[in-house]
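Here's a quick tour of one protein model, taken a piece at a time. Keep the picture open while you read.

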Amino acid sequence: MKFEKSLIEMAKTGQLDRRSFMRRAIALGLTASSASLLLSQSALASPKKGGRFRIGLSGGGTTDSLDPATTESQMTILMNFTYGNNLTEVNNDGTLISELAETFDSVDGKTWTFKLRPGVQFHNGKSLTADDVIASFNHHRGEASKSAAKALLTAVKEIRKQGTQTVIFELDAANADFPYIVSDYHLIVLPAAADGKIDPFSGISTGPYVLQEFNAGSRATFKRNPDYWKSGRAHFDEVEVLVIADTTARQNAIINGEVDAIDRVDPKTAHLLERVPSVKTIEVTGTLHYTFPMRVNAPPFDNDDLRMALKLAVDREQMVKKILLGHGALGNDHPISTANRFHASNLPQRSYDPDKAKHHLKKSGLEGAKIQLSASDAAFPGAVDAALLYKDSAAKAGIDIEVVREPSDGYWSNVWNKKPWSACYWGGR
């Protein structure tokens with residue numbers, strides 16, 4: 001039954017056409033008639049093609065760039081997946097599947113071989129080769145690189161090609177998760193120039209849509225790639241991405257028909273959207289999690305006792321109740337939620353304990369210190385309220401938190417990348 005549900009979901013999302021669905025169902029032991037019945041019961045229908053899809057996003061700023069190395073906002077992440085492809089892809093059920101790499105394997109976990117999918121072309125007509133992959137990855141490597149993905153590739157000692165369609169990565173140690181790493185949204189493949197480098201600002205890749213216009217912090221437009229190599233994908237003729245940072249403005253936009261979809265509905269007003277006949281709200285369990293990350297190489301967060309005091313000083317149950325209004329679950333100081341197959345269900349839940357927090361604060365030697373927490377609703381709906389709630393709960397442990405309200409525009413580049421403690425979100429794709 002698990003595999004049948006997975007097949008149905010893949011067909012509904014356009015990852016399998018009817019023929020592929022039938023072939024896999026029969027391979028699982030179903031008869032042709034049973035497979036046909038399963039297909040019809042899933043209410044699968046061919047998606048309507050054409051039209052213009054408009055989406056209003058919460059994240060984006062004037063500092064956004066086409067350079068994949070600097071990708072950080074909701075807008076640029078979505079853009080990368082709209083016009084680009086990776087070597088591998090994490091499927092909607094959390095499994096890893098091939099993308100530009102038709103196959104990938106390793107005998108020892110240190111040497112990984114990726115055989116490229118034949119016949120793939122960039123938007124400029126250039127055929128995909130191993131040189132493009134090498135140039136794209138080298139853009140994130142080296143001493144001069146300031147790429148956000150640089151740390152992901154520190155284990156890569158060498159990248160070389162074998163012919164024109166095979167790329168070999170040599171790691172300094174075995175890593176069974178390396179094929180997952182290359183699915184990171186920074187690591188889309190761009191075409192290499194004659195000098196062996198990519199133009200990171202070209203906006204040219206192999207993805208389902210061709211970039212037409214990009215205005216940082218405002219909008220981006222795309223047209224469907226007529227030569228896209230994935231079947232059952234890219235159903236719209238055009239896509240328009242609009243940055244609408246303000247939560248109320250974003251929700252008004254979908255109510256008024258100015259956009260077709262939005263992200264990050266405010267939990268406080270979700271029930272109001274559900275009353276609008278033209279709007280459908282969708283709530284799913286995913287890997288997105290809201291955090292208050294501390295930069296452990298910057299004072300005072302390089303002090304382990306202070307970090308522990310802050311972990312014990314947040315009332316998580318009140319966060320879920322008052323900020324998420326029940327649209328979420330408790331976190332436990334790690335990113336692996338119950339939606340992930342690697343969730344450690346036997347790990348004790350860390351709870352609010354002002355007395356223990358006071359103990360660690362005293363050990364830290366930072367009693368009486370004022371600690372700044374940067375927050376903006378650009379991080380997630382209710383982030384400022386969450387920071388203020390954190391301040392109140394921490395006060396009972398003798399911790400003085402100063403909430404710094406930051407502007408939404410440029411939050412990710414100007415705040416999250418520079419301030420030692422700030423509201424943030426992780427995960428989700």
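How many helices and strands does the protein chain have? There are 13 helices and 15 strands in the protein chain. Keep in mind that this is a predicted model.

**The whole chain**

- The protein chain runs to 429 residues, and 44% of them count as buried.
- Take the contacts between residues at least 6 apart in sequence: 64% of them join residues at least 24 apart.

**An open sheet and its hairpin**

- Five strands line up as an open sheet with mixed pairing, in the order 8-9-10-1-11.
- Strand 8 (209-215) and strand 11 (261-262) sit at the edges, so to speak: each of these strands pairs on one side only.
- Strand 8 pairs with strand 9 (residues 219-224) in the antiparallel sense, over six bridges.
- Strands 8 and 9 make a hairpin, with three residues between them. In the turn you'll find G217, which has a positive phi of about 75 degrees.

- The buried residues of helix 5 are A130, D132, V133, I134, A135, S136 and F137.
- What do these buried residues of helix 5 pack against? Their neighbours are strand 5 (111-116), strand 6 (156-161) and strand 7 (166-171).

**Two helices packed together**

- Two numbers describe a pair of packed helices: the angle between their axes and the distance between the axes.
- For helix 10 (residues 316-323) and helix 12 (residues 383-395), the angle is about 145 degrees and the axes are 10 Å apart.
- The crossing of helix 10 and helix 12 is right-handed.
- On the helix 10 side, the contact is made by Q318, M319, K322 and I323. Helix 12 brings D385, A386, L389 and Y390.
- Sorted by type, the residues of this contact between helix 10 and helix 12 are five nonpolar, one polar and two charged.

Definitions and conventions: Residues numbered from 1 in each chain as written. Predicted model: local features only at pLDDT ≥ 70, side-chain atom pairs only at ≥ 80, totals over all residues. Heavy atoms only, no water. Axes fitted to C-alpha atoms, helices over the stretch in contact; angles between N-to-C directions. Helix = DSSP H or I, 4+ residues; strand = E, 2+ residues; numbered from the N terminus. Left-handed = near helix turned anticlockwise from the far one by under 90°. Contact = heavy atoms within 4.5 Å. Nonpolar A, V, L, I, M, F, W, Y, C, P; charged D, E, K, R; others polar. Buried < 20%, exposed > 50% of the residue type's maximum accessible area, 1.4 Å probe, protein only. Pairing = 2+ DSSP bridges.
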